[in-house]
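Thanks for asking me to look at this one with you. Please have the sequence and the model open side by side while you read my points.

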Amino acid sequence: MVSLHEQLLKAGLVDKNKAKQAAHSQQKQKKAERKAGTETVDEVRAAALELQRKNAEKAREANAQRDAAAQQKAIVAQIAQMIKQNRQPKAAGGQGDIAYNFTHGSKIERIYVSAAVREHLVAGRLVIVVLNGVVELVPRVIADKIAERDATLVVRVNKSTAQVEEDDPYAAFQIPDDLMW
């Protein structure tokens, strides 16, 4: 590598005396700075370092966004695979004659299931999962794993509690578990 003053000398833009004088004045300035304990600020270098720092920060942000998108895509693929491998038939023997209503978001949805599947849903052994608008039934264990990744896909069927408040005027009247609505 050839220094700048050597390149200028070869090009004929500067003579030897001027190059020596510039190097000598530069050394004097550095010596004076060392004695005084001050440092001259090179604005061009400082601006270049600041630009480099900003570019590195932008690159880190872009990488973080790209990584987050890839991770979200991987999670969706895992959920789809779990549903595909563990989905249960909605009607045993192809007969889905009982309408089962559930709420998904703010809408009331309906699927037709067999009596046995309905009993599993009411008991909580099967859980409804909605992925891309498709309703599937999966075992509770799988639904819990899906809920860890994305809870919005799992439709929770709230079980009625057996506890009754003390001042409840309707405590003596029990609501049947198999009430169809």
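The numbered points below go from the whole chain to its separate parts.

1. **What kind of model this is.** Please keep in mind that this is a predicted model. The mean pLDDT of the chain is 79, with 84% of the residues at 70 or more. Confidence is highest in helix H3 (residues 43–86), which has a mean of 89, and lowest in helix H1 (residues 4–11), at a mean of 78. Where pLDDT is low, the predicted coordinates should not be read in detail.

2. **The overall layout.** The chain holds five helices and five strands. Starting at the N terminus, their order is α-α-α-β-β-α-β-β-α-β.

3. Of the 181 residues, 18% count as buried. The accessible surface comes to about 14,600 Å², and carbon and sulfur atoms contribute 53% of that. If you consider contacts with a separation of 6 or more, 46% of them join residues 24 or more positions apart.

4. **Helix H3.** Ile79, Met82 and Ile83 are buried in H3. The buried residues of this helix pack against strand S3 (126–131), strand S4 (134–139) and helix H5 (140–149).

5. **Strand S3.** This strand deserves a careful look. Six of its six residues are buried, so S3 is largely enclosed by the rest of the structure. Both of its faces are covered: Leu126, Ile128 and Val130 are buried on one side, and Val127, Val129 and Leu131 on the other.

6. **The sheet around S3.** In which order do the three strands of the open sheet stand? The order is S4-S3-S5, with antiparallel pairing. S4 and S5 stand at the edges and have a single partner strand each, so one side of each has no neighbour in the sheet. S3 pairs with S4 over six bridges, and with strand S5 (residues 154–155) over two bridges.

7. **The turn between S3 and S4.** These two strands make a hairpin with two residues between them, where asparagine 132 takes a positive phi near 55°.

8. **The S1 and S2 hairpin.** Strand S2 (residues 107–113) pairs with S1 in the antiparallel sense over seven bridges. The two strands form a hairpin with two residues between them, and glycine 105 in the turn has a positive phi of about 70°.

9. Asparagine 101 belongs to strand S1 (residues 98–104). Is this residue buried or exposed? Its relative accessibility is 13%, and the cut-off for buried is under 20%, so asparagine 101 counts as buried. Opposite it in S2 stands arginine 110. The side chains of asparagine 101 and arginine 110 are also joined by a polar contact of 3.0 Å.

10. **Where I would start reading.** After that, turn to the hairpin of S1 and S2, and finish with the contact between asparagine 101 and arginine 110.

Conventions:
Residues are numbered from 1 along each chain as its sequence is written. This is a predicted model: local features need pLDDT of at least 70, side-chain atom pairs count only at pLDDT 80 or more; totals for chains, interfaces and linings use all residues. Side-chain values use heavy atoms; hydrogens and water are left out. Helices (H or I, at least four residues) and strands (E, at least two) are DSSP runs, numbered from the N terminus. Buried means under 20% relative accessible area, exposed over 50%, partly exposed in between (1.4 Å probe, protein chains only). A polar contact is a pair of N or O atoms within 3.5 Å; within protein, one must be able to donate a hydrogen and the other to accept it, and residues adjacent in sequence count only if both atoms are side-chain atoms. Contact means heavy atoms within 4.5 Å. Accessible areas come from the Shrake-Rupley method with a 1.4 Å probe; for residues, only the protein chains shown count as cover. Two strands pair if DSSP finds at least two bridges between them. pLDDT is the predictor's confidence in each residue, from 0 to 100.
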